[in-house]
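Visitor: I am new to this structure and would like to learn how to read it. Could you show me the picture and then take me through it?

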Amino acid sequence: MSGAWRSIAQAAFVAAAYFAAAKLALLVAIPPGYATAVWPGSGIALAALLLGGNRLWPGVWLGSFVANFTIEGSVAAAAVIATGSAFQALVGAELVRRHIGLPCRFGRPADVVKFFGLAALAATIAPTCALLPLGLAHPLPGIELLRNWLTWWQGDATGIVLIAPLVLCWALPSGMRWSRARVAEGIAFAAALLAATQVVFSAGSHGSPA
């Protein structure tokens, strides 16, 4: 397969993974179906660009566009949101390359702390870009817009912190062997974490776009 077709295939895979992760996240979204405490697509997008390079950003854009179009039903809003998601992944990947380096194995406590900070910083981009079209489509008072922004930021930041390291550790060669017991432990931990975040953040929360 030529380099161009390989890049297209990889971008298509990223788009499909982003879309699938988005739809799964929306299954446990806070009513009326927009807000979610964890947005795994943001972590998948960052990991994809760190592993495959910035050339895969169209896959992030396409996956985000299709996922948000199924929510909003507006081409313009979905395009703006997708642009913010892709730009967020590009900025986040560049920040990780500059301040942590590649391959990113999180073997030092300092790298983990840096990654948390970079994730929190990069995650401000997508909700900021999306606030304008969503504010126009859903007129809300200022406090509600702020709550939407905070919920969106929380979902993206949590998705980056939880999903990106997991994808990177699975994709990069390591000396650790994944036995059945380790796999079962990881699945059980992920399920418990998802259930806990749903219980904690759904109580008394207002719906907001994801």
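Guide: Gladly, and we begin with a term. Helices (H or I, at least four residues) and strands (E, at least two) are DSSP runs, numbered from the N terminus. This is a predicted model, in which local features need pLDDT of at least 70, side-chain atom pairs count only at pLDDT 80 or more, and totals for chains, interfaces and linings use all residues. Residues are numbered from 1 along each chain as its sequence is written, and side-chain values use heavy atoms, with hydrogens and water left out.

Visitor: How many helices and strands does the protein have?

Guide: There are eight helices and zero strands. Along the sequence, the pattern reads α-α-α-α-α-α-α-α.

Visitor: How do I read "buried" and "exposed"?

Guide: Buried means under 20% relative accessible area, exposed means over 50%, and partly exposed lies in between (1.4 Å probe, protein chains only). Of the 210 residues in this protein, 40% count as buried. Take V14, in helix α1 (residues 3-26): V14 is buried because its relative accessible area is 6%. The C-alpha atom of V14 is separated by 9.9 Å from that of A47, although the two residues are 33 apart along the chain.

Visitor: What is a salt bridge?

Guide: Side chains of opposite charge can pair when their charged atoms come close. Here the term means a side-chain nitrogen of Lys or Arg within 4 Å of a carboxyl oxygen of Asp or Glu. A search of the whole structure finds two salt bridges.

Visitor: Which side chain meets R98 in a salt bridge?

Guide: The partner of R98 is E94, at 3.0 Å from N to O. Both residues lie in helix α4, four residues apart, about one turn of the helix. Salt bridges that share partners join E94, R97 and R98 into one network.

Visitor: Is R98 buried or exposed?

Guide: R98 counts as exposed because its relative accessibility is 66%. E94 is partly exposed, at 30%, and R97 is partly exposed as well, at 25%.

Visitor: How should I read the way two helices pack?

Guide: Axes are lines fitted to C-alpha atoms, for helices over the stretch in contact, and angles run from 0 to 180 degrees between N-to-C directions. Angles under 35 degrees count as roughly parallel, over 145 as roughly antiparallel, 65 to 115 as roughly perpendicular and the rest as oblique. The axes of α1 and α2 are 8 Å apart, at an angle of about 160 degrees, so α1 and α2 are roughly antiparallel to each other. Helix α2 (residues 40-52) and helix α4 (residues 75-99) have axes that come within 9 Å and cross at roughly 55 degrees, which means that α2 is oblique to α4.

Visitor: And what does the handedness of a crossing tell me?

Guide: A crossing is left-handed if the near helix is turned anticlockwise from the far one by less than a right angle, and right-handed if clockwise. The crossing of α1 and α2 is right-handed, and α2 passes α4 in a right-handed crossing too.

Visitor: Where is L146 placed?

Guide: L146 is in helix α7 (residues 142-171). L146 counts as partly exposed because its relative accessibility is 44%.
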